[in-house]
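Open the model in your viewer and keep the sequence panel alongside. The stops below say what to select and what is found there.

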Amino acid sequence: MHKTLKKYGILLLCLLLLASCGQVMPTGKLEKAGLLVPDTVNDQVWGTKGYKGLLKIQSQYNVDVYYKEGMNSEMVVERAVKEFDQKGVNLIFGHGNEYAEYFNNISKKYPHIHFVSFNGNAKNENTTSLNFEAYAMGFFGGMVAGHVTKTETVGVLAAFEWQPEVEGFFEGANYINKNVNVEIQYVGNWDNEEKAIKLLDNLISKNADVVYPAGDGYNVPVIEKIKEKGLYAIGFISDQSDLGESVVLTSTVQHVDVLYEVVAEKFNKGELKSGNLSFDFQDEVISLGKFSPIVDEDFKKELNAAIEEYKKTGKLPNE
């Protein structure tokens, strides 16, 4: 009987030690996470990537997560934030640059919540804006377009003039091909599919045989139209090689879902900084996608070497 009790005592001590060891490991700041998207999580591009990032957080930290679609005004965003707060959410992602200003106005009422937006200007202690350094990805995408073009004319269907990837694309195409003409059309919106298709017709009429549709809301239908015309595209935001390897030469990919994990980890450790944070190839959240067989091996080697050099030095080939 004494031996049995002794064994039991040792077992109990081991269990207590294990429990105390478990308590030494910090449980972290993250309680529940929320996602606001301006349109839908089913767009197969930007919104879908945010949703996948949210699911990765749910899986990695075993926390409840929530999302709301159609969050396209400050009034509906404030209502959603109030609802998330009632559910115990303390990390909210606003999946777009419009949320930066919304969160600047709302966040002071919720000091226990950290608000994360994209490509904006975060001003408060509990707000952070994640900014993709898109110039380089545009540059490398432009190099591909300038190398492959047969008509010496490539086109960009940009959403807005301020997009750094557009300037990067222009410079990259001209770096690799001094004779190339880069035609740029501005849709003025992320998802005006009808206008984007009309502007695509303009580019085609100007003899563009490679087009970069730099707008996540219209790039899929634009690439489908490019496919019909037997021309080439550079994908945007996602690896869009699944739309046709003979059409999509490569894609300029922003790994938003990976960035969500990075941010959640920093927040959970209490290390997420406020203000504007920038991410690029070096952070493994931007890359080029799968190459079409049309892109020759020698050029791919040259391009990949340039990307690796950029990761190491921060210098593009033209610098």
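Start with the open sheet of 6 strands ordered β7-β6-β8-β9-β10-β12, in which the pairing is mixed. Strands pair here if DSSP finds at least two bridges between them; helices (H or I, at least four residues) and strands (E, at least two) are DSSP runs numbered from the N terminus. This is a predicted model, in which local features need pLDDT of at least 70 and side-chain atom pairs count only at pLDDT 80 or more, while totals for chains, interfaces and linings use all residues. Residues are numbered from 1 along each chain as its sequence is written, and side-chain values use heavy atoms, with hydrogens and water left out.

Select β7 (181-186) and β12 (286-288): these are the edges, each with a single partner strand, so one side of each has no neighbour in the sheet. From one strand to the next the twist averages 15°. Axes are lines fitted to C-alpha atoms, for helices over the stretch in contact, and angles run from 0 to 180 degrees between N-to-C directions.

Next select strand β6 (residues 153-158) with strand β8 (residues 210-214), a parallel pair joined over 5 bridges. Which residue in β8 is the bridge partner of valine 156? The partner is tyrosine 212.

Contact means heavy atoms within 4.5 Å.

**From α5 to α10**

Keep helix α5 (residues 135-148) and show helix α10 (residues 297-313): their axes come within 11 Å and cross at roughly 165°. That makes α5 roughly antiparallel to α10. Angles under 35 degrees count as roughly parallel, over 145 as roughly antiparallel, 65 to 115 as roughly perpendicular and the rest as oblique. The crossing of α5 past α10 is right-handed, a term used when the near helix is turned clockwise from the far one by less than a right angle, anticlockwise being left-handed.

Show side chains at this contact: Ala136, Phe140, Met143, Val144 and His147 in α5 meet Phe299, Leu303, Ala306, Ile307 and Tyr310 in α10. By class, the contact has 9 nonpolar, 1 polar and no charged residues. Ala, Val, Leu, Ile, Met, Phe, Trp, Tyr, Cys and Pro count as nonpolar, Asp, Glu, Lys and Arg as charged, and the others, Gly among them, as polar.

**The parallel sheet**

Move to the open sheet of 6 strands in the order β2-β1-β3-β4-β5-β11, where the pairing is parallel. Its edge strands are β2 (65-68) and β11 (275-279), each pairing on one side only. The twist averages 20° from one strand to the next.

Select strand β5 (residues 127-132) and β11, which pair in the parallel sense over 5 bridges. Within this pair, threonine 128 has glycine 275 in β11 as its bridge partner.

Helix α2 (residues 46-61) packs on the sheet, touching β1 (33-36), β2, β3 (91-94), β4 (114-118) and β5, and its direction makes about 175° with that of β1. Helix α9 (residues 256-268) lies across β1, β3, β4, β5 and β11, and runs at about 155° to β4.

**α2 against α9**

Show these two helices together. The axes of α2 and α9 come within 7 Å and cross at roughly 40°; the two are therefore oblique to each other. The crossing is right-handed. Among the residues that meet are Trp46, Leu54 and Ile57 in α2 and Val258, Tyr260 and Ala264 in α9. This contact has 8 nonpolar, 4 polar and 6 charged residues.

Which side chain meets aspartate 257 in a salt bridge? It is lysine 56, at 3.2 Å, N to O. The pair links distant parts of the chain, with aspartate 257 in helix α9 and lysine 56 in helix α2, 201 residues apart. A salt bridge is a side-chain nitrogen of Lys or Arg within 4 Å of a carboxyl oxygen of Asp or Glu, and the whole structure has 15 of them.

**Last stop: α3 and α4**

Select helix α3 (residues 74-86) and helix α4 (residues 98-106), whose axes come within 10 Å and cross at roughly 60°. That makes α3 oblique to α4. Glu74, Val77, Glu78 and Val81 in α3 meet Tyr99, Tyr102, Phe103, Asn105 and Ile106 in α4.
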